[in-house]
Each structure stands twice: as C-alpha cells, then as structure tokens.
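Here are my notes on the model you sent over.

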Amino acid sequence: MIRFGVPPIGGKGWFGGWMYMCNLIRALARHGDPAIETVLFLDPRRANDPQVRDLPALPRTRIVIDPTFSEDRVRSGIGHTVLTGRNAPILDALRRERIGVAFTPAIYLGWRSEIPSVSWFPDFQHRHLPGMFSRSAWWKRELGFRAQIASSAAILLSSHDSERDCLSWYPSARGRTHVARFAVPLDDWPDADTAWSRLRAADIPEDFVFLPNQLWQHKNHLLAIDAAALLTQRGLRRPILATGHGEDPRRPGYRDVLAERIVEVGAQDSFRLIGNVDHGLVRALMVGTNALLNPSRFEGWSTTVEEAKAVGTPLILSDLSVHREQAPGATFFGIDDAGALASAIAAAPPRPLAQIRAAVAAARDETARRQRAFAEALNTAIFAAAHTGKGNYPA
C-alpha cells in the first residue's frame, strides 16, 4: 500500500488549485489503483470547506487535520528548508501518517527529504507573461520552480503544451515528467431541468454567453467588452455574463477599469459584470449558456473549459495551443481580434431545454473516460515516485 499525502493548496490562484486537488482525490478514489490510499492534510480553518465534506466517504481516502499545514506556517518555513535541506515540520507530519509519496504543488520538502514527491506545475505563466510580475516576484517563482524540479521524484503537468514548456526551460526534468489532464466529476452538478429552473428564478435570460474567469488582466475581459460593444452596434442583444473571483492582486482596481470600459464603448446592454455568485448558480450558468467563453491570453488546463466539456456546452476560446489541445472542436478567435470574437458569439444561438438535455447526456460517457485517463496518469506518476526507493509503504 502506498499512502499518498496531499497538502492543501493556497496562495494566488488558490481556487483553481483547490479544485484541482479535490478533483485529483476523487479521481484516485474512484479510478485509482487499489494499492494507493490518499491522505489529505488540512489546516483546521479549511476543515469545514464544502468542497471536502464528502471526501472521507470515498474509497481509500482519509483527512488529517493538522495546523502544521496552515498557509502562514508553510510560508514561514521556506527559508529554513532551503538552508537545512529539510522541511522538518511538514516531513514529521507526513511520517506520522506513514506517507510513502507526497504531492507537493506548493510545498517544498527540501533537497534532503526522505519522502519522494510528485510536484505539480499547472503552467509557466511567469515565463510567458514576465511583464505581469515584479522582478522579485518573478525570481521568487523561478527559483521555487527550479528547486521543486531539482528535488522531485516525478513532475506532474496538466497538458502536453505545458510539458513542452517544462522540458524547454528546465531540461533536467527530462525522464520525470507525467501529463495528467484533469477531468471534473459531476456528482453534485444540476441536471438540465434544474439548471434551467435556477436560471429563470435568477432572472437570467435564455440568450446569453457565459464568461466565468477571475477578474485578472491576462484573462482578457477587455477584448470581450469590445466584442460586446460590436454586438450592440450590430443590433444583436446577446449579453456576455461575467462572473469572477475578487480582484487582480497585480493590478488593484482592475474591476473599476472594466466597469469604465463597458460605459466607454457603450456595452452596458451586452456585457454584465455579475461578480461573485454561489457555486450552484455558476454551474447552472455553465449548463444553460449558449456557449462558454474564455478569451484569456494565457491558460494552463482550464477548469472552466473542462467543466463545459463535461456538460456538453459549446466553447468559444482564444486561439492558444493549450486551448486547441484541450478542446479541438471549439470555435477559436485571435486574442486581439474583437471582431472575430463578436462573430463567434453571434453564431452561438440560444439552446432550448431539450437541446441542453441531449448535450448533457451525450457528454456523459466521454467525461467518464477522461476521468479514468486522469486517474491512470496519476497512478503512473505516484508509482514512478515510489520506485525511487524512499519512503514508507505499509502493508
């Protein structure tokens, strides 16, 4: 038996990482190798998060509540770990639970760690968009990546596009990379009829396009606003509804910039900033929309794109290589081409309820296949790390 230790994921972009972690645990429980038990370590402040409440009921899955994994403690120990080569508090906590392999997406165990690690790199944004980082932030991220890659027994990447980046910029990773393209479970998602009713109760129109990205500048909302203005000029009342988590930490006040742009270009009737809404409404929007829109200038393996695929929702995506890998059947547009985006939105008519029902049903088998493939890739990475000869493997 290999006990696979999974810490919480925090920091910038924590929501996407948190969802990845939950999807990883569910995939291993349902489709993983029977020889792998997953142990999730949580800060007490995260113990009641609704996303993890059902996890202990899954096969071969346990939760350990341990203040060692609070974000402030993890961050405060980085300097000492670099100097000594061991993250002693984290390693001690893992050893108490006889962890054989550790998942380390944002925790550095040290170059002297006795427990092999599987490190996850969702993307290499700082390499593609260096202007979004201060010099110190860029080097902090870069040095962290180098340290993780140097010390990891296996390196987990979410796409072949990201794997190419990794091997190009960090060639020492060769022979240790594993591509695990995550897929989302649909256990608690609404069916078509429930989603339809929820949208009507919330006064959401039947004719809309959904943009659920975080309000960060590289997500390219400004292009979507310009496209919405073009739709208004063409006389098409097909609004883009945009939800999003918080503000861009690298550009305070960005939401105000977007709001001003909406007024400036006359897109008030065709672009609505809804802001933060509950997960139930987000999922209903995903199921009931004409199409999922992602205009981002850069992405890893997009969670929202994967969710749209899982429920058979059409996709309108910026022309990124990772988007083409993730959803080759989508409609693509250039990241600076507002006219092409407006045309794509104009070609995405509303879907009646019967069509949505059929799309959800048709996507079910392919969604299950992707979940199994995700788990199989995780199995391979975990066993590869275990075979380095470190760690404890209880019977």
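1. Aspartate 92 comes out as partly exposed because its relative accessibility is 36% (buried is under 20%, exposed over 50%, partly exposed in between, with a 1.4 Å probe and protein chains only). Aspartate 92 sits in helix α4, residues 88-96 (helices are DSSP runs of H or I with at least four residues, strands are E runs of at least two, both numbered from the N terminus). From aspartate 92 to threonine 68 is 24 residues in sequence and 9.6 Å in space, C-alpha to C-alpha.

2. A word on provenance. This is a predicted model, where local features need pLDDT of at least 70 and side-chain atom pairs count only at pLDDT 80 or more, while totals for chains, interfaces and linings use all residues. Residues are numbered from 1 along each chain as its sequence is written, and side-chain values use heavy atoms, with hydrogens and water left out.

3. Is threonine 243 buried or exposed? It is buried, because its relative accessibility is 4%. Threonine 243 belongs to strand β9, residues 240-243. Its C-alpha lies 5.2 Å from that of isoleucine 274, which is 31 residues away along the chain. Leaving out residues up to four places away in sequence, threonine 243 touches, among others, Phe210, Pro212, Ile274 and Leu285 (contact means heavy atoms within 4.5 Å).

4. Now the core. The largest nonpolar core holds 41 residues, and Phe4, Leu24, Phe103, Val118 and Leu156 have the most contacts inside it (such a core is a set of buried Ala, Val, Leu, Ile, Met, Phe, Trp, Tyr and Cys residues joined through side-chain atoms within 4.5 Å). Elements giving two or more residues to this core include β1 (2-6), β5 (117-121) and α15 (353-386). The biggest contributor is α1, with nine residues. In soluble globular proteins, nonpolar side chains tend to be buried together.

5. Phenylalanine 4 deserves a click: not counting residues up to four places away in sequence, its contacts include Leu24, Phe103, Val118 and Ile382.

6. Overall, the protein has 15 helices and 13 strands. The C-alpha trace spans about 65 × 45 × 35 Å along its principal axes, and 55% of the 395 residues count as buried. Of the contacts with a separation of 6 or more, 73% join residues 24 or more positions apart.
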